[in-house]
Structure formats: structure tokens, C-alpha cells
Amino acid sequence: MLAVNFLLLAAVLFSIGVYGVIARRNAVMVLMSIELILNAVSLNLVAFSLMTGTADGQVFALYVIAIAAAEVGVGLAMVLMIYRNRRTIALDELSEMKG
Amino acid sequence: MNAVILAADGVNVAQNVAFGIIAAVMIFAALNVVTTKNVVHAALWLVVVLSGVAAQYILAAAEFVAISQVLVYIGAVMVLFLFGIMLTRAQIGKETDLNNKNWALGIPVALAMLGLLAWVILDAFGDDVLPDSGPLPTVALSDQYLGIYLVPFLAISFVLLAAAIGAIVLARKD
Amino acid sequence: MLAAEALELSSGWFLENAWLTGLIPVIGFAIILFFGKKLPMKGAEVGLASMAGSLVIAVGAGVQWMQRTNSADKQGEEAVGLIQAFGRTLPSAAEGETKAFIAPVTTTWVWWQNSGLEFGIGSAVDGLAILILALVAFIALLVMVFSVDYVRDDRRYTHFFAAITLFAGGMLIMVMAENMVQLILGWEIMGLTSFMLIGHWWEEEANSRAALKAFFTVRVGDVGLLVGTAIIFFGANQWAVDNLDSNGFNIAAIQAWALSGEANTQFLLWGAVALFIAAIGKSGQFPLHTWLPDAMAGPTPVSSLLHSSTMVVAGVFLVARIYPVFWEGFNIGTGGLSFIAIIGAITIVIAALLAFVQDDIKKVLAYSTVSQLGYMMLGLGTGAWLPAVFHIFTHAFFKCALFLCAGSVSHSGSHHSFDMKKDMGGLRKKMPVTFAAWCVSTLALTGVFPFAGFWSKDEIIDNVGANGYTFLMWVALGGAALTAMYMTRATYLTFFGEPRGAAAGLGHDDAHGEEHEMELISVGAPEPRSLGAAANAHADDGHGDGHDGPGGHAEHAGPHESGKLILVPIVILAFFAIFAGFANPTPLASRFGEGVELLKKYVEPRATAVVTEEFLGSGPGEMVVLVDGVAYAPAASGLGVPAAESGEEGAKKSGCGFDAPEAGTVCFFPGVSHAEPTFAKILLSLVVVAIGYALAIGFCVLFYGRRDPRLVGLTERNKALRGGFLFLKNKYYLDHLYENVIVRAVAHPIAKTAYWINQRVIDATVDNVGVGTRKAGVWVYDNIDQKLVDGAVNGSGWAASEAGHAMQPTQSGRISQYGALLFGAATVFAIVLVILNVS
């Protein structure tokens, strides 16, 4: 199996995730797209680990998973707070930083 | 894309086929994640993607990572997502304009990024063949974790702690 | 080739210090000006002392000059004897005729030098200069003595003496000038003092007008002086530097240059014309004579000193001094009709005619002066140099005497009036001394044997005829007859007949009431505004001081003889009027020898070529005698006194003035010819004068005495005679021409143009500069300030704000956009990096 398979797959997932971050209106959707990105990165790391035969890549991938979990937890907590305050989580309407 | 799939010597056909099927499914699911109009459907499609990723991990001889993926991502993160969707009163069923105004801007950016990455990858690793080694024993992983990467391991535990506390603090009703 | 033998010319202290004659009066002037009022005689004593001092020096210089000439002649005869001893023969005509050239004694002090040109001030005295120096000093002294009493109690007694002293100083400076610059200095001082003195009673407008008229008219001539000096300078300078180590201002150098044969004829001609114009102005020749009669507005001493004997002969002196320029410029030697002679002749006649219609006695004398100056110019213009100079000499005496007599008459006889018809008459009994002096001077003026004027005037007439100008000779003779006639008229009106007006002892007010009537014949006469007519009105001579005086003239019951201070100068002058002619009695020379012709010996410069220093000792050949550094070459070399004298009419003239001098020699004076007086010619002139007298006496007796009805009112009845009378009365309308036509035609457009330039050009420029500046300011404000500067400032602010506005969409607050930007930028940078690293 060629190495580029995993890497290309990861690139595709990454691009789709980028599209999702840009295009999606719902904050939760955006977080999901970020998950896509992170997974693509993990896949990449594992593929590198496989290519080099060391375990470093897998270690990193586990780290990414852990961080992703923490991030989703905090992120969703923030989304909930925003929802409580603004009654909406449509990013279009959350433009207080406009200026 | 000349050598995405097999047909050379020493190529593990089964592995490639399995990879290809799973990859197709993953991509299809990812596309649905970012294009579906139903938030819950998007979450479910994400589950599919995550599962596919786990399958790919197994194909990549990284069983521990695969299991962790399933456990953490699909088991915890996706549940968290679903809870988040529920708590933010997402509309059950179809919902119009889940895309923001400038969604069209994302296409060229994504395509550019894809093109760039693809080119770089192909340029760098175009002809590399993955070694046909067996899966790494989990001991090797733990050797790394408790050896070289000990400090990051401990840091991760702090991060998780902080995240948990932070989530609680943020989300409580005061 | 010339050989030389040095001789000595005697000099003397007076000759070498002759410059003191000019300096002393100038110092006297300064003393009078500063201290005069405090002195016991109010400054008059300083004036008298300075004139006496100048006279002493001038006479001393004269004596030493005669010694110098005598010694030079003696040594010259010995030298001629030497030449003959050497076996060379001289041409017969030159035997006994060769005279040494007596170089002038020059004492100068360089007061300025500039690029090789040195300007000196000092004295260069020769016979002519000494004659005039002594004459001026003497006459000035006498006039000052006269003035002590005449202008007593004048309102500006001290300044009067100061001005007269300065005048004398100026004339003396001019006469002894070694170069043209000093001559011009003296000339201008004279002009200035003349103005001051004519306008001495400037409170009356007529007097100041007359002073201005005199000054301006002479000024017109002075332009000629400056132009002529410049022309001569540029013509002569190079030659003078090369040949005589001198410059183009030096008078001796100019004389030599003119006769050198190398002089550019154009320079000579135009220089002569310009200088003669100056002489016309100063000496009152036609057409610039109009100022002289009006100058009678000044006090009588001024008229007698300046405007009869001394200042007005400055022009004649100028011509006589730089005679070679005129000789060559106008070709006087070759017998052509010269400009000078023509002007002189015209002046004689028109002035004489004008003297007939004057009622003011001083004006008669003024016109007589103009006429006699015409004689002098005629003489100079026809080559009769010595007679003209001689006439200056004699004329000064009798004319000054006549003026002083007129002053005496007005002072004591006609109660300060000069009007013959109104206030004089029959004064011969009351003022016998004055009458006698007057008569003697009149006889001298008209040229009656043996008085002074006979010798000089007849010499002029004789030489004019002998030099070939027959017509001019008859004109001069006619002038002599006219002179006799108008002087007879004046004499008759003043001293004979019934006393009129003040002479009759009429009261103060009556006399003055008549005096102030303005006599204007108005048939197209100019407005009284003009200078001429206003001066015609009785120029109030001494009228003011008559009232200012403390004792007044209350004791004047009627005419009486004048005081001693007035009479003594008159008598002295009358004495000279009788005997001055014997200074050069040419008709007697055939009887008593040439020695009687004193002026010819001592005053007339010798027409011998002079060797300049460089060419001495060149070797054997012609014998040359060096005399005091300059030498003469005998006639053997073709130089010297011209071979032809009168009596040898057909002989070709040669020598100085006719031929160019030989190389190494210069000529200073042309060889003028001297007419041999014959008994026939003398008789002719005497007869003409006698006829004039007879006609005049007859007319006067008939017209003024018996009031013959055929004659009285003739001009009223006869249109032609009336026209002629008016023509004369209005002085040929020349004043009208000068003032109303010429001056106005020149001044009016000039004034208008100047005004136009002032308004349209100068003011307009100033205004336009102001307007332009204002408009420029507005434009600058509008365009540069508002649009450019403010625009730049505003624009930068606008640009910043617009840039900010343009950048604002990036800060939309929307995360997706931020994300898009982020990923997009990252992509772009990554692509750039890839491209950079790959390529």
C-alpha cells in the first residue's frame, strides 16, 4: 500500500473540514468540522508512524485525541453559555466583535 | 493520481481494497457532515467518519489508537456533541440556512488547500511504499509515554483536568 | 637734424606764484562769508584787500613776464647772429623776424590722477593771461571801491562783497588755467556768482527772473563747453601723450595738437563749434545775447564789472586762448568765411540797432557791450587775434567807466532811476565830473582819435579788411557809425535838454509813481509773465535800500555830484580810457618803430615752432637754439613766422598754422597776419564815425530838443517805421521765440511725457504690482492653500479613513470569515513557500 493513500485521505478530510469551518453557520457544526480536521491530522500522524516504523506518531495521535476531547468539552460549554445569553448560536448573529 | 490504488508487485490487495472502501465511505460521510441541513444528521455522519478513521487506524497497524479513538471520540465526544445540540435547541428535522452567507468562499479555500496539500504530498512521498510490518505492541507506546514523552503525558492530564473544571465552571448556571 | 644750445629764460617769484591771484580772492570770499558781518567795514575791507593783493601779484607777474620776454628776445637775436656766424643765410623775410617762443610759466599741483591721466590745478601764465589777470584785478578793485559807497546800507552788503570777491577769484582761476578742467571750474564759478549778483535783490521777482534767465541762457552755451572739451580731449589726448608727455586737457597740448597737422579735422571742427557755442552763451553773441540786457537788473557795480568788462569777455578769452583749435577748425587762415566772424558781425549790427530804442541807460550800455563783443569775435574770426585782445583791454576801461557813470547818475542825479526819458536830462551842469568822464568814455567807445577805442577798434576793422573780408569790414564800419549814433542819443537824453522827472528834483512820490508804469508795447508782445518783458519793467535798482537807509534821502533836494568813493574810480577809468590805447598804437609803429607795440611784443604768442625735448642733440644741421628747455628753429627750416605779411598779398603763407611743423617740433600759435595801417584807412573810419555823430546830434537836437513836428510821432504815423520800431522794441521777438516757442515746445512735451510716464508707467507699475500681488495671493489661497495644502491634509485623513473603511469588512465579527481569512492566508503563504523552495 502506498503511503500517499493515508496522506491524501487525510488531506481530503482536512479540506472538507476547512470548508465546514468556513461555510457552517451553527457553532456546533463548526466544532464538528474542527473535529474532522483534527482527525485528519491524527490519521496523518499515524500514517507517518507507520512509514517510519516508530511509535512517535501514534503517541502524538493519542495526544491529539485527548486534546480534542478537552477542547470539545470546553467548546461546547462555551456554546451553551452563548446560547443561554443570546438564545442563538448562529455565528452570523454573533458579531459583537465587529468593527 | 497515478498510484492511489495497487497493481504493482508486493501489493497487498486486500489491504488496498479495504482501505479504498473505507476511504470512500469516510469522504462521503465527511461531505455530508458539512453539507447536510440537519444538525443531528451531521452529528451522525460525523460518527461514521470517526468510525472510518478508527478502521483506518487498524489498517495502519495502530490498534491502541484505534480503540482509543472509538472510545474517546465516538463514545464521549459525539455524545457530548449530541448533548450540545440538544441543549442548544437545535431544530429537529430539516433546517434551512445552516450555511452562512459567505459559504461560497469556503470552496476555493478548501480546494486550494487540497490542491496544495496533495501536491506537496505527492511530491514528497509519491512513491513511498508503506512497509509491511505488523502492528506495534502497546508496550512500545507505553515505553514512549512513560519514557520520552512523560512530561507531555503529565501535561495532558493537567489539560484534561483543567478542561473538565473549565467546562463545569463555564456551564453552571449562576 | 637739429643742434641745440641751451639758453636761460628768466622767471620770477610772481610768475611762478601767479596762482595766488586766484587763490587770494577765494580765501577772501570765505573770510567775508564767515566774518564779514563782524568787521568794521562789513567785509568790504577784506574784498578790497584781496583784490589789491591779486593786483599786486598780477602786476609783478607782468613785470617779470616783460623781463622774460626781453631776455629771450635778446638771446634769440644773439642766436640768430650765431647762425649767421656759422655761414648760413636766412631767408630775407625771416631776418629780424625770428622770435623765440616764450613758454608760459606753469605751476601746477596734481590734485587727482586716474588711469594715467593727471589733473592739475595751478597757473600757466603767458602774456595773454597776465594781461587779463591784471585787467580783472584792477577793474574789480576799482569797482569794489565804487561799491563801498554805492551799495551802502544795502540789505545784503556783506554778501554782495563776498559774491564779487568770489567772482573775481573765479575769473582769475579761469584766466590762469593750465588745463580745461580748471578753466571750466573758473567758468562755472563765474556763472554762479553772476546769478547771485544779478539776483542780488531777489525780493523783486523781476530780478530773480533776470538772474535765472542769465543763468539758463549761459547754461545752454555751457553744454557746448563740456561737449567741446570732451571732443578736444578725445582728439588730442593720444597725440599729447605721445608727443608732449601731457594729456588732452592741457591747454598748451591742445594748442600744439591743433597745429600739428595730425589732428583729425572732424574733431577740430566739432570741438571748435561746441566751444564757440559756449563763447556765444557767455559773451552774449547772437543768438544767446538775450540775457545780457536783462542782467542789468543787478546792481550797477555788478553790471560794470561782470557784464561789461570782465565776465562777458570770458568767451572771447576762451577763443583767444585755444585759438589754434578755432584757427584749424574753421580754417581762419585760408580766408574762408568763418562761423565766428559771421556771428560776430551779426551781433554787432543787431545789438547796435537795439540800443536805439532803449530808455534804460544801462540797457543802452548793455547792448553796446554786446555789440563790442561782436567786434572782438569778428576780429578773432578773421584772424585778427591781437586787435581783438587789445579791444578786450581797452573796452574794459571805457565800458566800465560808462557803467559807473550811469551808476553815479542814478545814485545822485536821477534818484535811483535809470530811465533816461523820464528822470534824466540836463545833468551836465549838476554832475560835471561824471559828465566829463562819460564824454571821454563815449569818445573812446566810438573810436575817436586819440582815445583808447580808436586804436583797438580800428585795428580790428583794419585787419578784417586786410585779411580779405571786405564786406565784413564795411559791416564793422557801419557798426561804428551806429555806435556813435546811439551813444549820442543816450548822452543827449541824459545830460542835455531840459531836466525831467527826478533830474528836475521832483518829489519822491511823483517820480516813483511814474517809474512804476510798465512800458509794454503790446502788439503781439509776449505776456508779462515771460522773463524778458518782466525785466523790461523797471528793474528796481536800489529802490529797496532807498527806504531801508537810516537817514533816507531826505536831504536829496535834487541832482548833485556823487561822492569821492564813486568819482575816484570813474576818473581813474576815464584816465585809462584816454591813454590805454597807447599800449599798442600800431599806426604809430611806422613812425616810432615797432617797440611801441607793447601788446604785440608781450602778449601775442610767437608763431614759432618749438622743439620738444626728445629731439635735441641729434647732430649737425640746422642750428636750433634751446630756450629754457624748449627751443625755436629758425626760419631756414621752413618754420617760423609766416613769410607773407600784409603788403605781399600774393605770397604764399607758410609756417605755424599753415604748414605742419617738422617732426620733433610743435607749434603753439598760428602765424596771424598784421595789417599795415595806412592813413587812408584811418581817415575812412574817422570819417564814418564823424558822419554818425553829425547825424545823431542833428537828430537829437531836432527830435528831443526842439520836438520838431516832422519827427515827433513819426512812428505813429508811418506804418513801416512803426513796424520797425516795434520789431526793435520787442528785441526782434527773440525772447518770445525762445520762451514761448522753443522752451515751451521742448519743456511742455517733456513735462507731459514725464507726467504720463509717472501716471501710466510708474504708478501703473506700482498699482499693478499691488493688484497682481493681491490676485496672486487670492489664487494661491484658492488653489494652493485650499486645494493643495488643505487637500493634502484632508486627503491624507480621508485616505486613512477610507483605508480603514476599506479594511473594515475584514473585521466583521464573524468567525467564519475570520476562519476563511485565516485558512486562505495560510494557503497562500504555503503556496508561496512551496513555490520558493521548489523553484
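How many residues of chain B are in contact with chain A, and how many of chain A with chain B? That was my starting point today.

**Entry 1: ground rules**

I am working on a predicted model, where local features need pLDDT of at least 70, side-chain atom pairs count only at pLDDT 80 or more, and totals for chains, interfaces and linings use all residues. Residues are numbered from 1 along each chain as its sequence is written, while chains are lettered from A and ligands numbered from 1 in the order in which they are written.

**Entry 2: B against A**

I got 79 residues of chain B in contact with 63 residues of chain A. Contact here is a C-beta criterion: the two C-beta atoms, placed from the backbone, lie within 7 Å. On the chain B side, the elements giving two or more residues are α1 (13-35), α2 (39-59), α3 (63-87), α4 (103-125), α5 (138-145) and α6 (150-171). My element names follow DSSP runs numbered from the N terminus, with helices being H or I of at least four residues and strands being E of at least two. I noted α4(B) as the source of the largest share of that side, at 13 residues.

I then sorted the chain B side by residue type and found 61 nonpolar, 15 polar and 3 charged. For the sorting, Ala, Val, Leu, Ile, Met, Phe, Trp, Tyr, Cys and Pro count as nonpolar, Asp, Glu, Lys and Arg as charged, and the others, Gly among them, as polar.

**Entry 3: chains A and B by themselves**

I looked up the make-up of each chain next. Chain B has 6 helices and 0 strands, and chain A has 3 helices and 0 strands. Of the 174 residues of chain B, 31% count as buried; for the 99 residues of chain A I wrote down 69%. Buried means 20 or more other C-beta atoms within 10 Å of the residue's own, exposed means 12 or fewer, and partly exposed is in between, with C-beta atoms placed from the backbone.

I also checked sequence separation, taking contacts between residues at least 6 apart. In chain B, 56% of them join residues at least 24 apart. In chain A, the figure is 44%.

**Entry 4: α1(B) on α2(B)**

The helices pack at about 155 degrees with their axes 8 Å apart, so α1(B) is roughly antiparallel to α2(B). Axes are lines fitted to C-alpha atoms, for helices over the stretch in contact, and angles run from 0 to 180 degrees between N-to-C directions. Under 35 degrees is roughly parallel, over 145 roughly antiparallel, 65 to 115 roughly perpendicular, and the rest oblique.

The crossing is left-handed, meaning the near helix is turned anticlockwise from the far one by less than a right angle (clockwise would be right-handed). I listed some of the contact residues, including B:Phe19, B:Ile22 and B:Met26 of α1(B), and B:Trp45, B:Val49 and B:Gln56 of α2(B). By type, this contact has 16 nonpolar, 4 polar and no charged residues.

**Entry 5: α4(B) on chain C**

Back to α4(B), this time facing helix α31 (residues 815-838) of chain C. The two pack at about 30 degrees, axes 10 Å apart, so α4(B) is roughly parallel to α31(C). I have this crossing down as left-handed too. Among the residues in contact are B:Leu105, B:Val109 and B:Leu116 of α4(B), and C:Ala820, C:Phe823 and C:Ile831 of α31(C).

B:Asn102 sits in the loop between α3 and α4 of chain B. I classed B:Asn102 as partly exposed because 15 other C-beta atoms lie within 10 Å. Leaving aside neighbours within four places in sequence, B:Asn102 is in contact with C:Ser816, C:Gln817 and C:Ala820.

**Entry 6: chain C and the cores**

Chain C has 31 helices and 7 strands, and 54% of its 839 residues are buried. I looked for nonpolar cores, that is, sets of buried Ala, Val, Leu, Ile, Met, Phe, Trp, Tyr and Cys residues joined through C-beta atoms within 7 Å. The largest has 235 residues, of which C:Val316, C:Ala401, C:Ala476 and C:Ala577 touch the most other members. Helix α4 (residues 127-150) of chain C gives the largest share of this core, 21 residues. Apart from it lies another core of 94 residues, among them A:Ala77, B:Val33, B:Leu50 and B:Leu105.
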